[in-house]
Amino acid sequence: MTKRWRYGWFVNFMPTAWKTPWAQTSPRRWLSGEFYIEMARMLESAGIDFIMLEDSVTVPDTFGGSMDLELMYTTRSPKNDPIPLASAIAAGTRHLGIVVTMSTTLYPPWMLARVLASLDHLSRGRIGWNIVTSAEDRAAQNFGMDKIFEHGHRYERAHEYVDLVRQLWGAWEPDALVMDRGQGRYVDHTKVRHIDFAGKWFKSRGPLNTLPLPQGHPVIAQAGGSPPGRGLAAAEADVIVSAPKGIASMKSYRDDIRQRMEQVGRDPDSCKVLYMVTPLVGETMADAQAKARRMYDEDPDAIMRKLALMSSAQIDYSQFDLDAPLPDIPDERGGQSIVNELRKQGPDKTLRKLISGSSQSESLTLIGTPESIVDQMEEAMAEVGGDGFLFFAGGGGLITRHYLTEILDGLMPELSRRGLARDTYPHQLFRDNLLLP
Amino acid sequence: MGAKPFHLGWFMSFRPPAWNSPFCAPVDAREWASGDFYVDFARSLERARFDYMMIEDSSMVSDIHAGSYEIDLKHALYAPKHDPVALVPWMTGATTHLGVVATMSASFYPPFMLARTMTTLDHMSGGRVGWNIVTSSEDRAAQNYGLDKLYEHDERYDRADEFVEVVEKLWDSWEPAALVLDCDSGKYADASKVHPINHEGRYFKVRGPMNTARSPQGRPVFCQAGGSPRGRDFAAAHAETIIASAQGVAAMREFREDIRHRMAERGRNPDDCKILFVVNPTVGATDAEAQAVRESWTAPAVQRYRAEAALGHLSALTETDFSSFPLDQPIPDVTTNGHRSTLSDFIRMGTGGKTLGEVAAAWSIESVPLVGSPATIAAEMDEVMQEVGGDGFLITGAGTRRYITEITDGLVPALQARGLTRTAYSHTTFRDNLMEF
């Protein structure tokens, strides 16, 4: 008996493809958000569980030592604020879950709790929060600090932060709104309390000034691959997005998460683990393979883009010889899991070899017809145990409507036919659609 | 000869409409947080060719009155109140020309975050957003953000001056020609036209640059409401539109002349700021019908309810417990670190031996009382503007669909018939429309 998988789509509020086939007519149209709102509608009509809006706050200048290459390959910038987009997507859809990325290092907790509460109401219970801690010094420097906190420390703070915002969301009892016209009483004040939170790093009196959330609190998403990241995910997450390479790593990752959840007293089934993939779908295998060659090997921008993307955590990959193995990279404070994943794939392979032939951040290389790709997905899930996939079209400057339709109108129907996807949303709340069978 | 054409705005918050009015549908009273009421509101204002909608904000539930949340929550005064930033995309998404102003506090927002959110909103609205610059006025709000007390009144404005300097630098960190979008060179943006700001001031340290492209208006329209001398200086330095609540025509005229004088002293053209006076018109089909509505407010039960709400409101605003003063005595001498001009206006209403209870029952924030048929009120607004010199009115008041219609489909057509308010938008951006006359 097959069971339904969960599907998300990971996207950046950034330029869409602008210099490749299937680009839009204007390279600046993404700025208005309309493409992404339309995309959300497409995801909804295909039965995708949620859209996940990534975020970061810098124009990187590590790759090549200046902003030049970044603003040529647009891997991280320009990037708009995902919060207003999440709101506009809520206005333009009715069922889709909307996960927005916000940093525990950069957002004042009361402000974060309140904007997510407001969005949960506007979406009638469809908001999720992707917890990130931010990894770049450049991000810290936009917020008054010289350096970002050390990796482990960021996660310690994140635990306290999440504890605080959960208390804020809980400060209004679910039935606080009484709307008693006879007494002229809108809210029963005995059901609203301040929290007087005073932790090691954060302090907030509370309560929040918003009504209790339709979902109680947003769906919590997390992506940590490092041990502290996994710890946070196991403790807090309703959905985890990850990209361990290959079936064995996928399985050990999920097993580890489930074990950690049990250790903290959680039911492992109360969190879904999704794996990042960038399927390349063709009408024939040859068609798909040609597409992959064009995308990964023949496109001169592809290698540069990957190196730029990898350079986001204080390492300039432009310093390495593309045709030699990756040298030892000293421990640094951010992005550890990306570096380790890469080296694990072959300490003797050249850098060019390591990063060509597939998307950088995907668990499985899926190139083929809808049938062959779903076969591969089934094989992986049978081994791994669950729970689904997170689609990703590549970072800034890559997504097209053409790609979206290939997945949504090509691959999803095949998944549906096999009973692995549904195109209806039986529940009002995102959490229920995600977690209930 | 009538007044010169003037501007219309509406002052509101993302909070329950007049839920206890017989003309408020229960669905709006209960589900305002889902946005539909406000979307319809915005469309109505656009139909009536308002320049803008201003979403006020605050960051607390207040328990200053009698040491309890009761009065605040019973009347839904300060809470529930949801985040204006989350609402803006709903309003701009449903309109094409209306300006939408969001209140964001310079005391609580990290400047980079505010600058980026505003840039994104400006992109998404096609250049139609404004920022109402506030410094917040309550310790209760500060305590939600981990502070024990709010900064002292004048220091808040010193910080805000530097805050504005920082966000202006961020908005200018991408030159207008930075996006080159050149497929041949592969260059999306020209890094030589994107600049770190390296701001290091007394209160803020921000490296920059902004991580997204310059928005249609470059920066949002600046709105401000300070009435104290320090607040007026701040407004004269930065504001492009001011929310003013002077009491009576003479005070309105004095306020406007004072601001224009302060602007000229700083080398700004006084016509570059539009001063809109807060009014709360009671519109009836006939003068008698409107008078009857105001009369109904003097019934003892209504007076008691209104006085209770007014004292809760003042307690929250000034952080002084007004429940501790006898209602049948004159207003005691009170000072505040919060809303200074609002408090002094209230105290002034008590001159001539009125009691606290009488003043509280009659209290409303309006520059001139406007009661009558559309024609009567339009004539009066005409006269007031001739006396004051400009630049328009900001409607506030009961949020019901019926009330909104009385203004948009009753009063505004009468103003338009006199040639006093616009019948069309001449430009695409908010600033260009606001500065048109």
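This report describes the fold dimensions, domains, helix packing and chain contact of a predicted model.

## Overall dimensions of the two chains

The secondary structure of chain B comes to 16 helices and 14 strands. Its radius of gyration is 22 Å, close to the 22 Å that the globule rule gives for 437 residues, so chain B is as compact as a globular protein of that length.

Chain A has 15 helices and 14 strands. For 437 residues a compact globule would have a radius of gyration near 22 Å, and the 22 Å of chain A agrees with that expectation. The C-alpha trace of chain A spans about 75 × 50 × 45 Å along its principal axes.

## Domains of chain B

The domain assignment of chain B gives domain 1, built from the segments 7-150, 212-287 and 365-434, and domain 2, which covers 289-362. The C-alpha centres of domain 1 of chain B and domain 2 of chain B lie 23 Å apart, and the contact between them takes 26 residues from domain 1 of chain B and 23 residues from domain 2 of chain B.

On the side of domain 1 of chain B that touches domain 2 of chain B, the elements giving two or more residues are helix 3 (70-74), strand 12 (282-283) and strand 13 (371-372) of chain B. By class, this side of domain 1 of chain B has nine nonpolar, 13 polar and four charged residues.

## Helix packing in chain B

Two packed helices are described by the angle between their axes and the distance between the axes. In chain B, the axes of helix 14 (residues 374-388) and helix 15 (residues 401-417) come within 8 Å and cross at roughly 50°, which makes helix 14 of chain B oblique to helix 15 of chain B. The crossing of these two helices of chain B is right-handed.

From helix 14 of chain B, the residues B:P374, B:A375, B:I377, B:A378 and B:M381 meet B:G410, B:L411, B:P413, B:A414 and B:L415 in helix 15 of chain B. The residues of this contact divide into nine nonpolar, one polar and no charged.

## Helix packing in chain A

In chain A, the axes of helix 4 (residues 109-122) and helix 6 (residues 151-169) come within 9 Å and cross at roughly 50°, which makes helix 4 of chain A oblique to helix 6 of chain A. The crossing of helix 4 of chain A and helix 6 of chain A is right-handed.

The contact is made by A:P109, A:W110, A:L112, A:A113 and A:A117 of helix 4 of chain A, together with A:Y161, A:L164, A:V165, A:L168 and A:W169 of helix 6 of chain A. By class, the residues of this contact divide into ten nonpolar, no polar and no charged.

## Contact between the chains

Across the interface, 63 residues of chain B are in contact with 60 residues of chain A. The elements that give two or more residues to the side of chain B that touches chain A include helix 1 (26-31), helix 4 (84-93), helix 6 (139-144) and strand 5 (179-182) of chain B. Helix 5 of chain B gives the most to this side, with seven residues.

By class, the side of chain B that touches chain A has 35 nonpolar, 19 polar and nine charged residues.

Terms used. Residues numbered from 1 in each chain as written. Chains lettered and ligands numbered in written order. Predicted model: local features only at pLDDT ≥ 70, side-chain atom pairs only at ≥ 80, totals over all residues. Domains from an automatic or database assignment. Contact = placed C-beta atoms within 7 Å. Helix = DSSP H or I, 4+ residues; strand = E, 2+ residues; numbered from the N terminus. Nonpolar A, V, L, I, M, F, W, Y, C, P; charged D, E, K, R; others polar. Axes fitted to C-alpha atoms, helices over the stretch in contact; angles between N-to-C directions. Parallel < 35°, antiparallel > 145°, perpendicular 65-115°, else oblique. Left-handed = near helix turned anticlockwise from the far one by under 90°. Rg over C-alpha atoms; globule rule 2.2 N^0.38 Å.
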